[in-house]
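Notes follow in the order of looking.

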Amino acid sequence: MLTLQINGAERKIRSAPATPLLYVLRNELKLNAAKFGCGLGQCGACTVIVDGEAIFSCVTPVELVEGRSVITLEGLGTGDHPGVLQQAFIDEQAAQCGYCIPGMMMRAQALLQRDPQATDQQIRQELEPHLCRCGTHMRILRAIRRAADLLRAKTPPKNSGDRP
């Protein structure tokens with residue numbers, strides 16, 4: 001039995017250590033936001049965050065995340081209390097079919113955690129591994145920029161070495 005840290009909670013799982021994380025999330029833990037797309041780590045639909053890094057859960061054996069922090073889209077907020085990025089996607093009406101959106105949101109979340117000052121070029125580069133046919137690409141970019149603006153407003157500037 002493995003112990004995982006999923007969305008801030010310790011979870012015991014029974015799956016074999018080589019089982020892809022995606023299968024454990026969806027089948028055993030009933031966390032269905034991460035989607036099965038290609039199964040090869042080429043479409044991004046299965047993206048989750050592990051220790052602050054966006055990864056493809058369909059090609060990551062669950063044993064590799066034991067003892068590490070795993071965040072899924074469900075860990076960002078709820079329908080009643082969406083997280084900043086989730087709310088930005090709602091406000092910008094950035095989702096169409098919704099299949100690729102959870103993965104894009106997780107990759108964007110990882111980027112904004114690393115760099116809330118991310119430029120449009122950095123956002124586009126970060127989303128490059130994701131396949132999407134929806135046609136809402138400009139709304140997706142606006143949603144991520146909106147979330148970045150909100151996060152910057154909540155984050156105090158870094159200390160420049162001056163002390164009061």
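I call a residue buried under 20% relative accessible area, exposed over 50% and partly exposed in between, using a 1.4 Å probe and protein chains only. By that rule, 45% of the 164 residues of the protein chain are buried.

The model is predicted, and I use local features at pLDDT of at least 70 and side-chain atom pairs at pLDDT 80 or more, while totals for chains, interfaces and linings use all residues. Numbering starts from 1 along each chain as its sequence is written, and side-chain values use heavy atoms, with hydrogens and water left out.

Secondary structure: I took helices (H or I, at least four residues) and strands (E, at least two) as DSSP runs, numbered from the N terminus. The protein chain has five helices and five strands, in the order β-β-α-β-β-β-α-α-α-α from the N terminus.

Dimensions: the C-alpha trace spans about 50 × 45 × 30 Å along its principal axes.

Contacts: I counted heavy atoms within 4.5 Å. Of the contacts between residues at least 6 apart in sequence, 56% join residues at least 24 apart.

Surface: I used Shrake-Rupley areas with a 1.4 Å probe, where for residues only the protein chains shown count as cover. The protein chain exposes about 9100 Å², with 50% supplied by carbon and sulfur atoms.

Which loop holds Phe36? I find Phe36 between helix H1 (21-28) and strand S3 (47-50). Phe36 counts as partly exposed because its relative accessibility is 37%.
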